[in-house]
Amino acid sequence: MPTQIQDYRSPKVTVIGAGNVGGMLAQRIAKQNLADVVLCDVVQGKPQGIALDLAQAHTISNHDRQIIGTNDYNDTKDSDVIVITAGLPRKEGMSRNDLLKINASIIKEVVQKAIALSPHAILLIVTNPLDVMTYLAWQVSGLPPQRVIGMAGVLDAARFQTFIAMELGISTADIYTTVLGGHGDLMLPLPRLSTVNGIPITELLSEEAIARLVERTRNGGAEIVKLLQNGSAYFAPSAAAYVMVEAIISDRHRIYPAAAHLSGEYGLTDIFMGVPVQIGRQGVEKVIELKLTDAELAALHASASSIKENIGILQFKPESNF
């Protein structure tokens, strides 16, 4: 008797926003043979052109994943993960918070359209200001909070890791860093919980050096914007988004720093901000609460206050739809 072949649906990831981050993320997902990709953007021809270029790289990259470029949200239907990179990029002299009102309106529109067609998807937000946009995406989507995640923590930790490696002249492979808080000037790199092969960096670097690296980490994105003069980072942000998508699609139960919903952890409620979380197919499976010193906890609450202030601006101004 012939064996019956069961129907198999390839995982599907939609990336909304065909800018540098979105295009690079689509390339990473397809090249790693992780999932089929839909690249969606409002600009006519742009996502189609990028998708065609990526499709022509199939034989070189040796994968058979389908890549679709579209302006039609119907093509995103039944996505497993929706990554939102759409929004105005930061320019020199512009803070992440300067993007607040413009990108909030974009997030509202794209989340409503995408979730209507993929109600069981996990939302991964990359658009800045990250923590506020993640909170708004949760509000607009109506999803359980564990299915809405902000990307920033992986990126911030990688920047801290890179700067430590540069300072010590060693491989980044031996460095593990911990960064909490909002994705901005008040983020909280934790030197005592950042290690080189298990050795705290506080035993390898002076207080002055650590303070300098912490400050450089907080300004990591702005430093790149200033150097580029007309653009912002996209290699590292797309790489950070990829590992989170991979953890979800492959149900890896990985522990990453991410903007997650807090409901009492760290003494904070009704906010999305960077904390260590366990990520799998259902989104955030667990929020990990670290034991912080009084000073660290105070700094984390200061970061939270800044995020809540910006959430309040969007929610309560008469001209806002939030």
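This report describes the pockets, cores, ring pairs and backbone features of a predicted model.

## Basis of the model

The model is predicted, and local features need pLDDT of at least 70, side-chain atom pairs count only at pLDDT 80 or more, and totals for chains, interfaces and linings use all residues. Residues are numbered from 1 along each chain as its sequence is written, and side-chain values use heavy atoms, with hydrogens and water left out.

## The largest pocket

The largest pocket has a volume of about 970 Å³. On a 1 Å grid over the protein atoms alone, a pocket is an open set of points with protein on both sides within 12 Å along at least five of seven lines, whereas a cavity is a set of points where a 1.4 Å probe fits but cannot get out. Grid points are joined across faces, edges and corners, and the volume is the space filled by probe spheres set on the points.

The lining of the largest pocket consists of 47 residues (a lining residue has an atom within 4 Å of a point), and Thr-85, Ala-86, Gly-87, Leu-88 and Pro-89 lie nearest the centre. Helix H1 (20–31), helix H4 (100–117), helix H6 (152–168) and helix H8 (220–228) are the elements that give two or more residues to this lining. H4 gives the most, with six residues. Helices (H or I, at least four residues) and strands (E, at least two) are DSSP runs numbered from the N terminus. By class, the lining of the largest pocket has 24 nonpolar, 15 polar and eight charged residues. Here Ala, Val, Leu, Ile, Met, Phe, Trp, Tyr, Cys and Pro count as nonpolar, Asp, Glu, Lys and Arg as charged, and the others, Gly among them, as polar.

## The cavity

The count comes to one cavity of 30 Å³ or more, and the largest cavity has a volume of about 50 Å³. Its lining is made up of Leu-130, Asp-131, Ala-152, Gly-153, Asp-156, Val-179, Leu-180, Gly-181, Ala-259 and Gly-274.

At least two residues of this lining come from each of H5, H6 and strand E8 (179–180). H6 gives the most to the lining of the largest cavity, with three residues. By class, the lining has five nonpolar, three polar and two charged residues.

## Nonpolar cores

The largest nonpolar core has 83 residues, and Ile-29 and Ile-84 have the most contacts inside it. Such a core is a set of buried Ala, Val, Leu, Ile, Met, Phe, Trp, Tyr and Cys residues joined through side-chain atoms within 4.5 Å. Buried means under 20% relative accessible area, exposed over 50%, and partly exposed in between (1.4 Å probe, protein chains only).

Not counting residues up to four places away in sequence, Ile-29 touches Val-13, Val-15, Leu-34, Ala-35, Val-37, Tyr-242 and Val-245 (contact means heavy atoms within 4.5 Å). A second, separate core has 15 residues, including Ala-157, Ile-175, Leu-213 and Val-214.

## Aromatic pairs

The structure holds four aromatic pairs. Rings of Phe, Tyr and Trp (its six-membered ring) pair if their centres lie within 6.5 Å; planes under 30 degrees apart count as stacked, over 60 as edge-to-face and the rest as tilted. One of the pairs is Tyr-135 with Trp-138, which is edge-to-face because the ring centres are 5.5 Å apart and the planes are at 75°. Tyr-135 and Trp-138 are three residues apart in helix H5 (residues 130–141), so about one helical turn separates them.

Tyr-135 also forms an edge-to-face pair with Phe-272, at 6.3 Å centre to centre and 80° between the planes. Tyr-135 lies in helix H5 and Phe-272 in strand E13 (residues 269–280), so this pair ties together parts that are 137 residues apart in sequence. Tyr-135 counts as buried at 4% relative accessibility, and Phe-272 counts as buried at 0%. Ring pairs link Tyr-135, Trp-138 and Phe-272 into a cluster.

## Backbone features

Most residues other than glycine have a negative phi, and most peptide bonds are trans. A cis peptide bond joins Asn-128 and Pro-129, with omega about -5°. Pro-129 is in the loop between strand E5 (122–125) and H5.

Asn-33, which is not a glycine, has a positive phi of about 60°. Asn-33 is in the loop between H1 and strand E2 (36–40) and is partly exposed, with a relative accessible area of 43%. Asp-270, also not a glycine, has a positive phi of about 55°. Asp-270 lies in strand E13 and is partly exposed, with a relative accessible area of 38%.
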